[in-house]
Every structure is written in C-alpha cells, then in structure tokens.
Amino acid sequence: MFENMDSANLKFVGKEADRPDLVEKLTGEATFVSDMILPGMLYAQLKKSPHARAKIKKIDTGKAAKMPGVRAILTGEELDIHIGLYIVDKYILAKGEVRHYGEAVAAVAADSPEEARAAADAIEVDYELLPPVLHHMDALKPDAPLVHPELGKYSYVKAAFSPQPGTNIANITKIRKGDIEKGFEESAYIVEREYSCPSVQHVPMETHVAIAQWGFGDKVNIWTSAQSPFTVRNLFCMAFGLSHNQVRVQIPYVGGGFGGKAGIGVEPLCAVLSKKAGGRPVKFQASREEEFSLLPCRCALNYRIKTGVSEEGKILAQKMEMFWDSGAYADYAVNVTRASGYSASGPYEIPNATVDAYTIYTNKPYGTAYRGFGHVEFHWAIERHMELVATAIGLDPLLFRLKNALRPGSKTLTGETILPSTGNVVKCIEEAARRIHYGELTKEEKEREARTGWKIGKGVGALQKAPAMPSFTATAVVLKMNENGTVIANLALTDYGQGTYTSLRQIIAERLGFPLEKVKIAFESDTDRDPYDWQTVASKGLFLSGNAAILAAEDLLEKAYAVAAEILRANPRDLAHDGDRIYLKHKPEEGVSFASIAIGYAFPNGNGIGGPLIGVGRYIAQGLSNLDKESGQGHPAVDWTYGAHGMVVEVNEESGEYHVLHVVSVYDVGKAINPDMVRGQAIGGMMQGLGTAICEGYIYDKDGHLLNPNFTDNKIPTAKDLPMKVECAVVETPQIDGPYGARGVAEHSMISVAAALGNAVQKATGAEITHMPIRFEDVWRALQDKEPIDNWITKSPIGSCRSAPEMRPGIIRNKG
C-alpha cells in the first residue's frame, strides 16, 4: 500500500519520531504486571523437580498446609488439564512423571511471597529416578527412553505438523525440490559437514509474571506479561473448556519477550490456584533461575549439510538435515522446525534440494520461539558452510555468495518465485562487504596488526527470513476520534520494546494527514476492548498492523467525509482536508472542523447527524498456503526480509582471544518507516546475536541438571562487549503489499551475526569452528587442530562423516 510514494511527499513516514512510551518508561509511570498489587492478592511459589526424569511416587503437602499464610496448595494429581500450542502435551503441574530439571510438581498460594516460598520448600516429594535422554541425537536411537509414550493420543494441528508416535519425534518437516541425485551426479565437488549450537535463554528484563482471578460463574480475569492477549485467551479457553467471553486477558507494559512470552505460560497456574483459594487473585513471578530452568528456552540444533557444486562455483544440489532439540515439550519448537525447513538454504538458490527437519523430545527445559525463530541457529550453519565450500573449491567466499544468491526469477525451496519487489540480498551483501573493506586491510589495520601482533580478519554473513505464521493470520486496528479531533488507536499488537507503536503512529498520522501529536496509540491491550491480533511474533507486526492502520485511517476519513458532505451540501469527491478541518476544494474557506463532527454534528436548530467517528481496518495475510507434507511445496511467506553482516575481528593466535573491532549490518527493509527504530533494532539485535556467538549457552551435567541457571555462570553481553565501531544501513526495495512499502526487520538483526564472526575468525587465522558459542578456548583448540586445505579433498566416501561434534569436513572431487 502506497509503496511507490515519493519520499519528498511524505511528512512522517521515513522520518524520525519519538517513541510514544518514552516519558512513561523513563519516569517510571509505565505500569508492568510486576508492579501490580490487587486487593486480597496471594502470591504463588513452586516446588520444582531436582531431577531430569523421575516417577512421582508421592507428594506430601501436610506440613506445608499448616504453615502461616498458606491459602491453597495444588499438585498435578488434582489437575487433568493439558495445555499446548500446536501439540497439546503439557500438564500445568507435572503429573505422574517429571520430564525435566526444574519442572513444577506442586504450587502454593500464600499471603506473602516469603510464606509461599517457605511452604513450597516444606512439601516433600518421593521420586523414583528414571533414565533421562539428554541429547537430541541420542533420543533418535531405537532404545532411547520415550519422553512422551502417549504422543499418539495428544491433539495437534494436523494441517501443519506430523508427530511420530512411538518415537521421540514431535514433528518432521520435509522439503523436496528438483532431482537431488542428478544434481550430485553433475557436481564437480561435494562438501559435507555438521554444525551445532546449544539452547540459550531469552533473558527479558521482566521475568514471566501473571495475575489471575477466577471469579463467580467461571469468569476469569488475567493480567500478564505476554506477547499476545488473544493467544493467551484462546489457549486458556481451549485448555479449560471455557467460552471466550468468560475470559478477559489484559496486557499492560511488557518488559521484553524475545519470543519467550509468546503462546501461553504461567497464566493457567495462577488461575487454578485462584480457583482453589476461593477466587482471590494470585500472582506468580518467576525468579531469574526459574526463567532458565522452569520456563522455555531457545532450541538446540545439529545441522548436517551436504552440498554439490559445479566447477564454476554454482550450487547444484544440497541435502539438509536439521535435528532440533525441543526439550520436554513441543510448544513452539515444532513450528520453529517447520519455518526452518522452508528457509533452510538461506538466501541462496538451490535447484535440487532436500530438507528433513526433526523436532525431538529430550528431558531438558523445553524450547520455544526465540528472536529469529530458528534462523539464528541454522544460519550459523549455512553461512559457515558457504565459507567452507568456497574455501575448499578455491573461490572467494564473497564471490561464492554473490554467484549463488537469490535474484528475481529465482525459485525458493518451496517453489515461490522471487520478484523484483521481494528484496535485494545481493545489494545487502555487497554493501556490508564494501563498508568493512572486505578482502583487504586498511593502512590503519595493517599498523594495528604490526603493533599488537594480533591477526585481523574480515567476514560476511548473509540472511533471510519470512514471518512464520498461519496462512490466515489476521489483525485489526480501530481508530476513535475524540471530541477535539484527536485520534486514539486501539490494537492488540503488543509493543514490548521493539518500537512498533512508534511506526504505526507515523503511518496513521501520514494517512490521516494529521499532525503526529494528534495521534495516540493505547498501550494496554485488552481482549474485552481491543480488536483481534494473532500474535506479536515473526516480524509481521508492522506489515499486517501497518496495513490495517492504513485501512482504518481511510475508513475514518470516508465516514468523516460523508458527514462533512451532508453539512456542506457537496459531493465527497469535491472535498479535501488538512489536520483540522474538511473543506471544499474549490472554496477552501467553506469547511467544517473535525472537532465539530467527531461525536456527531449539531445544526444551529439542534438537529444532529453523524455520530462518533470510528474507523476500522482489517487485514489478513494474502496468498499463503500450507506446505504439502511430503514435498514441502507451497507458499508460506507473506514477505522476505534480506540482510547481511560484515565483521572485522582481531585474533591472538597464541591464546585464541579475539576482539570484535567493527560490525556492519545492512537490511532490505522495503521502506524505513522510522530510521531511528531500524537502527535501534539493528544494534540491539546485533548485540543479542553477538551474545549467542561469544558466550551464551546451557550447560548440563550427565544427569541433566542445568549447571548455569544464572548470570554468574551464563553470561550475556554488556556494554563492555560492544564492538569498537558499529554501522547500520538499509536498502529500500519497496514491498508491493507492505505499508508504504515496508517489511519487518525486528528479528533479522540477530541472524548470521555468529556466522560473520566465525567467518572473520577463519579469515584471520584459518581456524575452523563449527559449534557456537565461540569462546576463546574454542578458537585456541581450533588453531591447534588446523589442517591444510588439501587434506580436506579426498576421493574416499563421505558416509563416515556422520558422527556429531567430532565430524571432520568431507569433500569429494567428483571429476578430474
């Protein structure tokens, strides 16, 4: 919509604008669920499993029930309620068996957090230890313990997912394109390798927190720090068998989410405790350690890639196998698997390809959505693999990427044709490379090498991502005009820090032709009062809600023009407006103010016409389809956002230490609605991506205990880790169906950061790293284990390249 408007004619779109929540957050006026205290409110605490897998033989709550302040205690035996997103496989409290370390087995509601904690500690649980399955590759073995023996009995979304009863496989996604055997036969080189990365935590500033009150007539009120009020309501109603008009979900300000607060979380727990406590509101807020072990994390991944390449460096065939660790429950992991399947090749054209992506249950905290929705993890593999393939065949990695990058006319893995308006990954790659002076060292860099003795290397990583969402994803925006002609926008898209409301405010002001200060976005979302939105995930918010906002503005203006036409005795087509009034084009002095018609116009004799001015905009994703379960062909992407990172690092070859000197991030955003917001997303996402690249990751012992559930042992980046120089740039290839040509960029800034780092380290030292995070000791080990490139080229079979982390690169020269 309006994708080809000349920027010179835009007043607000493409310009800077302050965030509408700026003052409230800086002054502390913004209310978060963490701040809320309701009359008569109780506080919940949990008894959690110290084991990764065990049978619950007995739970003794007798002592806890007699302790001061205790109002309700629940165990899993009292509840027979399953919850879940795409596979309904989880109890509110563990029942019969615990499936991961830190899982809740009992809950207490008391007058104070301290009394609830003391009572939870007093609960005694008798366990019978069972052998856990702790690595997702081990979970595929025929003799592996089944995490969910009842998998065949669970309900699930049949159109999209394929659980495999009798195994630990929660879902398989398959993609088939072209003739892969023929492609490999025609290849001059075949390269195969495996890459891996661990689970990590989202670490939102505000941990998971909710308040629930179960009232008379089974009327339930929920206040929660979540990413979608309507998803929480829908999943809650499905679990409890309630009508949607019995449940109200309110979301005030949210202190970060990054995917971890998508779907449903601690809300059912608070609700059942409230019901048992006689309807008193119950609040639960996770501790930081509970964020790590009780609540979801990013999925771990092992990715095997086998690539066939021509003498000229064109990819002819690629076999891809993804093994995703979903932990104890499927949650979003099955959809991560689906989305990773149709994007598995990265932004490259592969004429002959197969993808087999597996979601695998293990006895670990469960995986869910995480910023990038799996693309951070598998782009680590794809972009490191592109570097390896290019190096092995003697082609510069940048040229290899450009030679194989998607272009107009290219076909994606699922058969979608790339259009000129889809975006331009080639420009992104070239710009990132140009800004870091790829392929050469500047005078300053040469002097730095000579002075420090550290080697400087430069690497590039490309990326792509489409919103991962149902084919019928929809949203709505309602605009209400106030008595003075100002406007309030109501919507259920949740702004939890990403700045979408800022951009939507600009879009609304632009289409209405109103000053920015006359447009307000209501921050608190409420299922009783706001129009529907599916979820605030997938980088779809600006695209879908932006279009809905345009349509709402047009609807409001159409209704206002109709009233003004009657007042002015004119045809609506003869009218125009500014920020204050509607007037006759040929007689501008004759007009009527928006304020005078906002709630209804009164003629001098008292007769009234019109009524409150309300504009409604609805928008649904168009032209999408489910994927065929056998071939994977279909149309899953409403849009694609492309990008690239360039990185400059210096490495101490003796110790493995390295510093990131310079990062460049370039994205084709279609149209930057607010350049400041794009820059904020770019830098924030890059730093988050750098965290997963350099230091983050869950570590378990042999019994499945999480050893680093805190910031002491599970580091995240701080300001000290910020690269010395950071640059952000945009390419603008307007998206035909995007609002003013825009497409989303919220997740993309995190994707391929790790790969760019790995590529730069390799350029500097030759160190080959296939697992992230890349700690200093990992670089040192890789430097001790370097092999000449000639040793990688062999005529022996590559079937042996199947073992996990120890797997060596295997390369066959098919011809010559």
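1. Start with helix 14: 22 of its 28 residues are buried, so the rest of the structure largely encloses this helix. Buried here means under 20% relative accessible area with a 1.4 Å probe, protein chains only. Helices are DSSP runs of H or I, at least four residues, numbered from the N terminus.

2. A quick caveat: this is a predicted model, where local features need pLDDT of at least 70, side-chain atom pairs count only at pLDDT 80 or more, and totals for chains, interfaces and linings use all residues. Residues are numbered from 1 along each chain as its sequence is written, and side-chain values use heavy atoms, leaving out hydrogens and water.

3. Helix 14 covers residues 541-568 and reaches 39 Å from first C-alpha to last, close to the 40 Å expected at 1.5 Å a residue (the expected span is 1.5 Å times one less than the number of residues). Just after this helix, R569 takes a positive phi of about 55°.

4. Helix 13 (residues 500-512) has 12 of its 13 residues buried, so it too is largely enclosed by the rest of the structure. The buried set includes Y501, R505 and E510. Next along comes G513, with a positive phi near 75°.

5. Now the pair of helix 9 (residues 375-393) and helix 17 (residues 753-765): their axes, which come within 8 Å, cross at roughly 30°. Axes are lines fitted to C-alpha atoms over the stretch in contact, with angles from 0 to 180 degrees between N-to-C directions. The two are therefore roughly parallel, the cut-off being under 35 degrees.

6. In that contact (heavy atoms within 4.5 Å), H379, W380, E383, R384, E387 and T391 of helix 9 meet A754, A755, G758, N759, Q762 and K763 of helix 17.

How values were computed. Angles under 35 degrees count as roughly parallel, over 145 as roughly antiparallel, 65 to 115 as roughly perpendicular and the rest as oblique. Buried means under 20% relative accessible area, exposed over 50%, partly exposed in between (1.4 Å probe, protein chains only).
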